[in-house]
Amino acid sequence: RCFERAGEALELARARGDELRRGKALHDIGVSQHELGDYQEALDALLASLGAFEGLGHPQIAIALNGIGLCYRTMGQLELALEYFERSLALRSGEGNAYGQGICLINLSRCHALSGDARAAAVQARASLARFEALGDPVMGGYARIHLADALELAGESDEARALYALNLADARLQGTDLEPASTFGLGRLEARLGDGFALGRLEQALALAEAQGLKPMVADVHLELSKLREAQGDPGGALSHFKHYHALEGALLSERNRQRMALLLVRFDTERAHAERERYRQRSLELRDAVDQLREEHRRLEHLST
């Protein structure tokens, strides 16, 4: 539905010659396509959106740059992703937008982590955390703290990572935020890798929390971690059970994404067909107008001859 509304907005913006609305509609289309896994088409829409905003010198340039970075990161083109995230960060810094800076820094941290540069990932995540703490934003601060803990775990700094996961878990319970499942999962995953006896209970708790909140991708990830842990504990039956749950959930998520993509294709087909019909009607109207003009001209010519 979001894609359909954005498509309608794009057609209206084109008809009115409204470049700003065209840029915003293209951005919304790109975001929708990215969420549905159509990354190349999302990238094309976001690049077109960036072109519109740059032509206007509009402040939303930074948002478009960030979206393009997300597409490149998802597609595994990490160097290009870093380039666009850094450009977005530079604009946010120039604007003095601390919240926007924090978002860009989280994305940079994730990008560095995916490239295996744990130290750089930790530096960016720490800087993001500082921004959100200064703003007094417990939710985004919690997300930044999770990214910092993930980076530190990747860097082998297990003690600090564990402390951060535990702090985030305590804050999530105190503040009543939605970060309790992710914090519990992060802590349980780290404890499993360290051979801590609390790991099994912690991961089972994370599973219950993720299921209660309907976080299907996290539920699948927790089942996979529990499968690895059960196998390490010499429980092949438990490992197989969790792996079956993981496999079933991954299949269901894939089917859901495919269903959404099919719905998107149908919407796109209907939108393009409506556009083609409008274009045919417009062209036919022009042809009829030309024909009427020719008839009038012929009528005037005959009247002139008759006099």
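How far apart in helical turns are Phe-243 and Tyr-246 in helix α13? About one turn, because they sit three residues apart in that helix. Before going on, a word on the ground rules. This is a predicted model, where local features need pLDDT of at least 70, side-chain atom pairs count only at pLDDT 80 or more, and totals for chains, interfaces and linings use all residues. Residues are numbered from 1 along each chain as its sequence is written, and side-chain values use heavy atoms, with hydrogens and water left out.

**Aromatic pairs**

Rings of Phe, Tyr and Trp (its six-membered ring) are called a pair if their centres lie within 6.5 Å; planes under 30 degrees apart are stacked, over 60 edge-to-face, and the rest tilted. That rule gives three aromatic pairs. One of them joins Tyr-99 and Phe-132: the ring centres are 5.5 Å apart and the planes are at 75 degrees, so this one is edge-to-face. Tyr-99 belongs to helix α6 (residues 98-114) and Phe-132 to helix α7 (residues 118-135), so the contact ties together parts 33 residues apart in sequence. Helices here are DSSP runs (H or I, at least four residues), numbered from the N terminus. Phe-243 and Tyr-246 make another pair, with centres 5.7 Å apart and planes at 45 degrees, so it counts as tilted.

How well covered are these rings? The table uses relative accessible area with a 1.4 Å probe and protein chains only: buried is under 20%, exposed is over 50%, and partly exposed is in between.

| Residue | Relative accessibility | Class |
|---|---|---|
| Tyr-99 | 39% | partly exposed |
| Phe-132 | 0% | buried |
| Phe-243 | 38% | partly exposed |
| Tyr-246 | 19% | buried |

Helix α12 (residues 216-232) has 17 residues and reaches 25 Å from its first C-alpha to its last, close to the expected 24 Å. That expected span is 1.5 Å times one less than the number of residues. Buried residues in α12 include Met-218, Val-222, Leu-226 and Leu-229. Just after α12, Gly-234 adopts a positive phi of about 80 degrees.

Then comes Leu-240, found in helix α13 (residues 236-306). Leu-240 is partly exposed at 47% relative accessible area. Its C-alpha is 9.9 Å from that of Leu-226, 14 residues away along the chain.

Notes
Helix = DSSP H or I, 4+ residues; strand = E, 2+ residues; numbered from the N terminus.
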